[in-house]
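Here is a short report on one protein model. Keep the fold in view while reading.

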Amino acid sequence: MVDFWLQNGTSALIASLMALNRNKKYVAIQASVCPNVIAAIFLSECEPWFVDIDKENYGLSVSSLENVINHVSAVICVHAYGIPSNIKEIRKLCIKHNVPLIEDCAQAEGACISGKSVGSFGDYAVFSYGAGKILDLEGGGRVVANTEKALDKLQYAIKNFDCKIDTESLDKINQYYKRIYNSYYLSPPEACVIKFSKSLKQQMLTKVTFLSVKKINEIDKAIDALETNISVRLEKVEHYKRLLRNTKEIKIPELPGGAVPWRFNILMEPEKRNLILKSMLLKGMNVSSWYPDISKYLSPDVFKAENLIVTKWVGDRILNLWLDSNTEINTIKGNCNHINSIIRDSYCV
């Protein structure tokens with residue numbers, strides 16, 4: 001494996017896509033992703049083909065991917081919420097059909113499958129160190145080439161293509177996305193859809209920016225302490241479990257072996273989830289319901305999609321609670337007390 005340290009995770013993903021022989025227009029990807037992933041696909045002159053996810057791990061469904069594998073130039077496999085996807089089966093399918101595979105490990109640094117780290121299965125693997133990641137270091141990205149052939153192509157892409165994205169501009173688009181999501185959920189007005197789609201497609205690239213040695217050393221130091229970071233997060237998970245496990249309206253998905261806790265996820269019926277989400281957001285609490293089906297916010301002419309049944313089911317029910325260094329035990333208690341009180345009060349209306 002050879003690492004390249006770039007400006008951010010989005011630049012790393014663009015570099016990976018630029019390195020591929022894109023003989024077809026589409027890239028297979030799940031619809032429950034952040035806008036940065038879609039921007040990277042557009043900037044590599046491709047379009048997303050959304051496939052469904054598995055309910056067990058929220059990663060790409062192998063059967064859904066199989067329906068489109070002959071029509072795409074690449075597959076981006078997201079290890080969502082720190083949970084490894086069915087990457088072994090996905091890799092077999094990609095090899096069988098000679099389709100390159102990119103692993104998006106932005107939420108799953110430190111996760112593993114049968115003792116093998118995520119990011120070591122695909123042709124390329126992308127990591128991110130920006131806001132909200134397990135290692136939040138205020139920026140930085142890494143792309144890993146796992147074979148000599150992949151390395152040669154990546155070196156050529158970085159040398160010959162523009163791979164750096166305007167972070168400030170993309171941040172504004174992300175804020176707009178959150179605004180229309182919070183205002184309209186999955187039924188945004190057509191004008192918002194057109195504006196959002198156009199903004200993603202009109203992003204500009206400049207020459208790739210490599211990280212400084214100082215920044216790389218900072219990230220390396222954080223990676224060395226990753227196990228401690230994960231242990232602290234797991235302790236916070238246990239606090240959340242203890243305070244919410246008797247709330248029968250809430251389902252707490254168990255983290256499978258090898259997963260790392262990106263955020264603490266709970267599932268509940270959509271009406272209750274939306275009530276709690278809005279209430280917590282109004283109080284400025286760190287909560288989200290990521291990631292919804294992003295295809296609902298894109299113009300129909302810029303993507304294709306399979307039946308996204310599980311994507312919709314999860315998107316309607318999931319609530320994410322922060323586990324970062326700013327989340328103290330008292331914060332967890334406050335979050336849980338608020339959630340339980342909202343559920344209790346809803347029965348008194």
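**Sheet.** This is a predicted model. Strands β5 and β8 run parallel and are joined by three bridges. D104 has V126 in β8 as its bridge partner.

| Strand | Residues |
|---|---|
| β5 | 101-104 |
| β8 | 124-128 |

**Salt bridge.** Side chains of opposite charge can pair when their charged atoms come close. The model has 11 salt bridges. One of them joins the side chains of D123 and R91, at 3.2 Å from N to O. This pair links distant parts of the chain, 32 residues apart. D123 lies in the loop between β7 (116-117) and β8, whereas R91 belongs to helix α4.

**Second largest pocket.** Which residues lie nearest the centre of the second largest pocket? They are N98, V99, P100, K149 and K153, out of 21 lining residues. The space in this pocket is about 450 Å³. Elements that give two or more residues to its lining are β4 (72-78), α4 (87-96) and α5 (148-160). By class, nine lining residues are nonpolar, seven polar and five charged.

Methods
Residues numbered from 1 in each chain as written. Predicted model: local features only at pLDDT ≥ 70, side-chain atom pairs only at ≥ 80, totals over all residues. Heavy atoms only, no water. 1 Å grid on protein atoms, 1.4 Å probe; cavity = no way out; pocket = protein on both sides within 12 Å on 5 of 7 lines; lining within 4 Å. Points joined across faces, edges and corners; volume = space filled by probe spheres on them. Helix = DSSP H or I, 4+ residues; strand = E, 2+ residues; numbered from the N terminus. Nonpolar A, V, L, I, M, F, W, Y, C, P; charged D, E, K, R; others polar. Pairing = 2+ DSSP bridges. Salt bridge = Lys/Arg side-chain N within 4 Å of Asp/Glu carboxyl O.
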